[in-house]
Amino acid sequence: MKRRENILRAVIFILIIFLIIQPKKKIYRQRNTPTVAVLIDDSQSMQNISKNNFSKVKKKIMPINPVFFKFSNELKNISANEIGKLTAKGLRTDIIGVLEKINKEFLGKVLDAVILFSDGNQNVEKSADEVIKEFSKLDIPVISVVPQTVLSQKNISICKIDVPDVVFRNVGLVLSAKINTYGFVGKKISIFLKSEETVLQSKSVNIISNGAVEVPFDLKPEKAGVITYSIEVPTYSGEQNISDNRKKFTLNVEPEKIRVLYLCGQPSFNYSFLRNTLKNDPNIELVSFVILRNPENIVPVSDSELSLIPFPVEDIFSKEIFNFDLLILDNFNYSRFPINYQHLTNIKNFITVNGKSLFIISGEIPLSVYQNTPVAELLPVIPLPEIISEKFRLAVLSPEHGILKLTDDESSNNYIWKGMPFLAGINVSSVAEKSVVLAKSEKSNYPVITIAEKGKGRVMCITTSSLWRLALGSENPYNYVRVIGQSVKWLTNAASIKQVVIFAKKSYNINDTATLKIHVKDEYFKPISNAFVNFEMTVPDGKKERIEVFPETESGEYGANIELNSSGEYKIYVGAYDKKRFLGSDKNSFTVFNISRESEDTNINEQFMKEIADKTAGKFFAVDNFNIEKSDIKSKTKKSDVLYEINIWDKTPLYLILIILFAMEWFFRRKSGLL
Amino acid sequence: MKKSSIWFLLTHLLTYSLTHCLYCQQGGKFVFAQLKYSGNWDPRPSAWDRISEFLTMSTSVKSIQERRIVTISDDELFWSPFLVITGDSDFAKFSDDEIKIIIRYVQCGGMIFIDDSSGKKGSGFDKSIRDMVNKISPENPLERIPITDAMLKSFYLLLEVSGRVITNRYFEGCKIGERYSIIYSQNDLFGVWEKDNLGNYIYPCDEKQRWEAKKMTINIIMYALTGTYKSDTIHLPFIKSKLK
């Protein structure tokens, strides 16, 4: 009796285990012919070479009865009959994307090989290495077949130069020039990187095969601003076209940190607040000198007991000044120091010729001390020697200006400015020609904040030494921080200190996808990842589009991909908010040229096609030499298709049997009086 | 119009004119503001007169000669980013609203220098001040200011702190950002400046110690006006060679 129950229980236990793991029986179908996918590139760059070549490929492959696909930037299954009718109209070539798709979506067919027929002109920006590496692990060789060119002219052309989207001064970068060569195999060619006519770097390349070769250059821009460079290859004998031996490109070089030189005539609260604000800004590198003692001051100790250092007039005004982006003169009376006319001329040149900036503040010393000096020509105001000690509120004339814009909403901004605390003391002045008064004294109407563009540079003038009251006298001290930050930003015209910045390339080709990056930071330049980003784009026909933008990383980076289907100028505006607090905005624009990527480069990229073949253990052929026999495609009989699977465990009778067994076991136990 | 209304208007007009006048004097000058509170708030009433004289003589700082006496609720408090609190005995606790005003003052860039004139450890003033500072700056409590801090080299190169008495060989401070926004001395720093009408020092003190305390006072004012300027890289080699 006990033995019977034990057997019954063991059977139930085994049945339950089987129900849990559900083993299956697979029935395999054995195959003898390999399964091959043929990928035919029908992008526009194949236009000149397609018709005969498509048929040639078909003819040579038909014996193995492959599965055909056509592709440009999308992959589509076609029948063998459609190959003859194929026209090369695809707008982009995405070989990498197609291999990735074959890997992910067609693996059910357990491919034995892929035959890739293309000119190798990958023009959708993707990282090839990773995809090819992943593909090579699948043990599926890619047989690369390139078409025979109609035109096989001897030529060297610079077809593409890749540069990073954001470039900073004194920070090294690598740019890559893609150079196509035909008819120069075995030769050594020189490539130069130039800035205007100065050769910055030269490289020599041994040409191993026809097609594209990537040449990297290391560059460290020493100046900020828009700088034009060029990549050049000398003209070699027999070249059919020499106009494509030179390609220009521009880099918008941002200063890595804004270098500020702050000279202050005497210690003051204004100095304390301004220095502290600049010092706390991570985007600013500050060097400041404040005059702590004048010759008339008597200190009853030796110099060694004082912390004073000599004021290096000659060094600053002859050499060092040119290493800075912004000069601040605060209550600074140049006539008390051995500052000569040439030094003042250097300040003028620093602004007007070198395109740098000046922030000048009057305090105890009226700005009229600069009368009849080169600095006077820079001032946006005509100052009088008079300083009146009136108490006044600021009347803001241009609240929408980047310097004074504290919030995106116009009425809120006006409200904030109206509620700003009183200031005191003003250097009487009138507005100079071509200058803009941003704020004046509400009481006396004298200009208080004035700006002007002088030559290549910018100047800002503040005629009161009590601007610090915007911090101490205000409910929100950050308004002062913002005004100062925005002033520095405007003066130096720098994107790197903006709280909200759009990074975009300056030009694209039609049908490209623009990948735009937006960086959002708070007042302390800490990245904000949960900001609301309002992204508006004006397309070439003038229509405005609103685009949804989402955070991409934890570090305050937001991104948007935009399909560029029409040529012309695109304007972008981005405003960012942290809850309801306005963080800032940025504008940018780029041009889309009506030149498709396909027509930009019609040469065959043998090197890329060889690389794919080599890394996947495949073979490389030109279409005329292509022979399916030489391709070494073998069917993997071990990995045959699953014909069908037997799974008895999802059948209803099995559950019935289990219930019956349980019932029997229960019955026997009851009968034995074990319950 | 009633007599009381006229009186009210005149009083307000006078107050407005006086405060307006004070603001007008300010310009870019240093203002010595001292807090008046319910306690012995002014044990060293003539210190600023002497400090002001010495400051103008030895440095390029331009200051307003009259000290500005303010209460916490005065708007004038926010016209001076440097506030002095002195005392020698305990005082009534500040109300929550008053504490909020002081917090705002410090957060908006103001600096407070506190001097315990009693010159005694654990004095009533010390207890009241520590209680107040704990409320103002709970996140950045009082800590010892190291002798390497910019405060000790903002004008004179000092190797130690001084005062009328040396209660502590250090000052304490609450560091907000990169500088100390609250500085606390228990050494009766202002006591070394006090003179009678005949020009004699009121409080006896070793002359060398008195001189060091005077230099320290100037350094604190310079620190309020220049912050950590003397910690800038450009000064370091000069200061290092001078200290040798």
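Predicted model: local features only at pLDDT ≥ 70, side-chain atom pairs only at ≥ 80, totals over all residues.
Residues are numbered from 1 along each chain as its sequence is written, while chains are lettered from A and ligands numbered from 1 in the order in which they are written.

**View 1. Chain A by itself.**
Let's start with the overall make-up: chain A holds 13 helices and 35 strands (DSSP runs, numbered from the N terminus: H or I of at least four residues for helices, E of at least two for strands). Of its 675 residues, 39% count as buried, meaning that 20 or more other C-beta atoms, placed from the backbone, lie within 10 Å of the residue's own.

**View 2. Where chain A meets chain B.**
Here 43 residues of chain A are in contact with 39 residues of chain B (C-beta atoms, placed from the backbone, within 7 Å). Elements supplying at least two residues each to this side of chain A include helix H5 (269–279) and strand E19 (381–392). The largest share, 8 residues, comes from H5(A).

**View 3. An open sheet in chain A.**
Five strands line up in the order E8-E14-E13-E10-E11, with mixed pairing (two strands pair if DSSP finds at least two bridges between them). Strands E8 (167–168) and E11 (198–206) of chain A stand at the edges with a single partner strand each, so one side of each has no neighbour in the sheet. Look also at E10 (residues 188–195) and E13 (residues 225–232) of chain A, which pair in the antiparallel sense over 4 bridges; A:Lys194 stands opposite A:Ser230 in E13(A).

Note on methods:
Contact = placed C-beta atoms within 7 Å. Buried ≥ 20, exposed ≤ 12 C-beta atoms within 10 Å, placed from the backbone.
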